[in-house]
Amino acid sequence: MARPGMNYRSGAEEHGVRACSGLILVTGGIVAVAAQFKGWQFAAYAIAAGVFVCLLEYPRGKRKKGSTMERCGQKYLTAVVKVFGPVTRNYYVRAILHAALAVPAGFLLSTILGTACLGIASAIYLLAAIRGEEWNPIEQKPQERPQVGGGTIKQPPTMPPPRPPPETRKKQPAEEAGQENPIPVTIEVGGVGR
């Protein structure tokens with residue numbers, strides 16, 4: 001049963017199902033082309049499809065809640081993915097695309113694992129699309145510059161942590177500052193060694 005707050009797209013993305021499917025497909029294709037397996041043309045297709053999947057899946061999408069960390073160099077591929085608009089943003093289209101890319105690669109044993117990964121990614125995309133999720137790019141927020149000489153810099157705290165609440169922090173007068181010890185203390189003047 002589906003959990004109500006789960007985001008399937010980011011769950012699949014963080015566990016590497018989608019990105020790894022492209023890498024596994026490329027690896028299996030390279031093995032089949034290098035060994036000149038029977039039907040190696042399907043392996044050449046698998047290499048191209050795997051590279052396409054890796055490029056499509058590399059940009060991380062923005063989460064609905066919280067912050068999303070951008071991957072290294074993601075902004076360049078995000079611009080490319082954004083150009084295609086609803087074709088790459090819509091998860092129904094991505095589910096069909098992944099399923100279609102998986103079919104020809106399924107004819108070789110060396111690429112069958114990549115085909116299975118693409119099938120799983122397609123199912124996850126379909127589930128995410130049914131739940132109403134879509135890919136949104138991570139947009140950079142303009143960095144705020146601290147104002148120099150303005151009233152934004154506050155005075156540092158005068159009391160070290162832990163600080164009491166502001167209501168109890170009021171300064172006491174000098175005569176009330178000391179505390180009285182409820183237990184009487186007696187000091188003996190005579191000591192040892194006299």
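I began with F84, which lies in the loop between α4 and α5 (86-89); helices here are DSSP runs of H or I of at least four residues, numbered from the N terminus. I noted that this is a predicted model, in which local features need pLDDT of at least 70, side-chain atom pairs count only at pLDDT 80 or more, and totals for chains, interfaces and linings use all residues. Residues are numbered from 1 along each chain as its sequence is written, and side-chain values use heavy atoms, with hydrogens and water left out.

Next I looked up aromatic pairs, meaning rings of Phe, Tyr and Trp (its six-membered ring) with centres within 6.5 Å, stacked if the planes are under 30 degrees apart, edge-to-face if over 60 and tilted for the rest, and I found 2 of them. Because F42 belongs to helix α3 (residues 40-57) and F107 to the loop between α6 (91-105) and α7 (112-130), the pair ties together parts 65 residues apart in sequence.

Last, I checked for disulfides, defined as pairs of cysteine sulfur atoms within 2.5 Å, and the count came to 0. The sulfur of C54 has its closest cysteine sulfur in C20 at 8.5 Å, too far for a bond, and for C117 the closest is likewise in C20, at 7.4 Å, which is too far for a bond.

Definitions and conventions:
Helix = DSSP H or I, 4+ residues; strand = E, 2+ residues; numbered from the N terminus.
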